[in-house]
Amino acid sequence: MSKSPATKSPPKAARASPALTVDGNRLTVLPDGPGRLEALIALIDGAKQSLRLLYYMYLGDKSGNRVRDAIMAAIDRGVEVSLLIDQFGSSSTPDDYFAELPKRGARFCRFNPSYGRRYLLRNHQKLALADAESKTPRVLVGGFNVADDYFGTVDQGAWRDIGLLVEGPAAARLAPYYDKLIDWALKKHSRMRTLRRMVFDYSETKGKLQWQLGGPTAKLSPWGVSTCRDLAQSRDVEMVAAYFAPTWSMLRRIARVGRRGRARLITAAKSDNNATIAAARFTYRRLLRRGVEIYEYRATKLHTKLVVLDDVVHIGSSNLDIRSLYLNMELMLRVDDGEFAQLMRHYFEGELEQSEQITPALQKRRATLLNRIRWALSFFLVTSFDYGVTRRANFGLTGE
């Protein structure tokens with residue numbers, strides 16, 4: 001991994017362009033909700049041969065209806081369509097909402113490993129892949145779901161998130177993994193061992209663009225291993241983490257960057273889950289003492305997942321928490337390119353303008369005995385239980 005000095009600022013060329021070409025692939029950053037929805041509709045409308053779609057949450061609201069209508073139009077013009085959604089994340093959307101898709105010839109399935117310890121497993125991945133078999137494959141990835149709240153604006157109080165459109169040969173490499181995954185989900189009594197093997201078999205370790213996966217692994221997921229390895233070598237780190245409750249070893253690596261270079265972290269001040277905010281605050285004292293700069297995004301609810309490590313960017317669906325590192329099915333793209341890293345660092349600087357810095361003095365004022373108890377309890381809940389449990393236990397845990 002190449003190194004960037006801690007004081008390096010984004011070049012003017014990166015500031016002027018929302019898209020860059022890396023290793024023959026066009027990468028377009030989509031920071032705003034309405035733009036992401038239009039990009040998703042355009043990808044579906046432009047598909048000529050195949051569409052593979054996967055979302056954690058798919059709601060039957062205005063945006064969901066528009067996406068569904070585009071999918072059905074693609075089926076009617078002869079496009080081969082598959083849609084996989086997570087049962088837990090999309091539980092409020094009834095089966096009859098999607099009933100027309102299989103009737104028209106699409107493959108449709110809910111990811112629902114519902115018995116035993118499998119109940120805790122979520123497919124948290126998000127992707128829309130068009131025409132993987134063609135010379136112009138395209139995939140849209142990121143942290144956003146199909147729901148109005150992910151396609152609105154900051155002023156509307158929608159989730160702040162980010163998407164990435166990848167146009168080029170790297171997009172096509174996701175097709176074999178997707179096909180294997182939906183086959184696993186459609187088959188009754190599929191083995192967890194098979195799912196774990198898929199996570200490792202389809203995670204890439206070479207090239208400028210590497211697709212890296214997370215899943216129900218006993219050790220760190222391939223993406224977690226890659227991130228920890230990059231952290232160990234970095235001197236300039238920027239992280240935007242909507243849910244921040246990583247392992248102690250990862251916290252130590254972040255702290256070491258703070259001592260030898262520059263480490264900056266943006267977490268959420270607003271969310272749908274107060275316990276996740278409080279859990280992040282439990283980690284602040286340790287990081288601040290080692291020189292890490294911490295900010296909380298206050299403009300709206302934060303949902304972004306972005307890590308910039310010197311000249312490397314990790315972007316996709318994975319949070320910086322134990323659930324994403326060890327359990328959830330996650331999809332991240334590792335981009336090793338200095339110009340793209342600087343473009344994303346420029347994005348990070350823009351998010352700082354909407355954030356409040358957590359200084360040691362502010363942290364000390366906040367850290368009353370009651371708040372410290374709340375933060376510790378929240379960290380335990382978030383790292384030990386399902387987010388559904390912590391969301392239902394939203395009893396003022398933030399401790400402002």
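Which residue is the bridge partner of R52 in β6? Select R52 and look across to β6: the partner there is L129. Before going further, know that this is a predicted model, where local features need pLDDT of at least 70, side-chain atom pairs count only at pLDDT 80 or more, and totals for chains, interfaces and linings use all residues. Residues are numbered from 1 along each chain as its sequence is written, and side-chain values use heavy atoms, with hydrogens and water left out.

**Stop 1**

Select residues 50-55, which is strand β3, and residues 127-130, which is β6: they run antiparallel, joined by four bridges. (Strands here are DSSP runs of E with at least two residues, helices are runs of H or I with at least four residues, and both are numbered from the N terminus. Two strands pair if DSSP finds at least two bridges between them.) Another pair to pick out is L53, which stands opposite A128 in β6.

Zoom out to see the whole open sheet: eight strands in the order β1-β2-β8-β7-β6-β3-β4-β5, with mixed pairing. At the edges are β1 (19-22) and β5 (107-111), each pairing on one side only. On average, neighbouring strands are turned by 15 degrees against each other, direction ignored. (For angles, axes are lines fitted to C-alpha atoms, for helices over the stretch in contact, and the angles run from 0 to 180 degrees between N-to-C directions.)

**Stop 2: the core around L51**

Select L51. In the largest nonpolar core, which has 96 residues, L51 and F340 touch the most other members. (A nonpolar core is a set of buried Ala, Val, Leu, Ile, Met, Phe, Trp, Tyr and Cys residues joined through side-chain atoms within 4.5 Å.) Apart from that one lies another core, of 28 residues, with W223, V237, L265 and I294 among them.

**Stop 3: helix α7**

Next, select residues 192-201, helix α7, and colour its buried residues: M192, L195, M198 and V199. They cover an arc of only 115 degrees around the axis, which puts them on the same side of α7. (The arc is that of the directions from the helix axis to the C-beta atoms.) Turn to the other side of α7 and you'll find R193 and D201 exposed. What covers the buried residues? The cover includes β5, α6 (175-186), β9 (209-214) and α8 (222-233).

**Stop 4**

Six of its six residues are buried, so β9 is largely enclosed by the rest of the structure. L209, W211 and L213 are on one side, with Q210, Q212 and G214 on the other. Six bridges join β9 to β17, and the two run antiparallel; in β17, R334 is the bridge partner of Q210.

These belong to an open sheet of eight strands, in the order β9-β17-β15-β14-β10-β12-β13-β18, with mixed pairing. The edge strands are β9 and β18 (355-357), each pairing on one side only. The twist averages 20 degrees from one strand to the next. At the β18 end, three bridges pair it with β13 (residues 293-297) in the antiparallel sense, and Y297 stands opposite S355.

**Stop 5: Y347 in α12**

Last, select Y347, in helix α12 (residues 338-352). Is Y347 buried or exposed? At 10% relative accessibility, it counts as buried. Leaving aside neighbours within four places in sequence, Y347 is in contact with P31, R160, D161, I162, T304 and L306. (Contact means heavy atoms within 4.5 Å.) The C-alpha atoms of Y347 and P31 are separated by 8.5 Å, although these residues are 316 apart along the chain.

Terms used: Buried means under 20% relative accessible area, exposed over 50%, partly exposed in between (1.4 Å probe, protein chains only).
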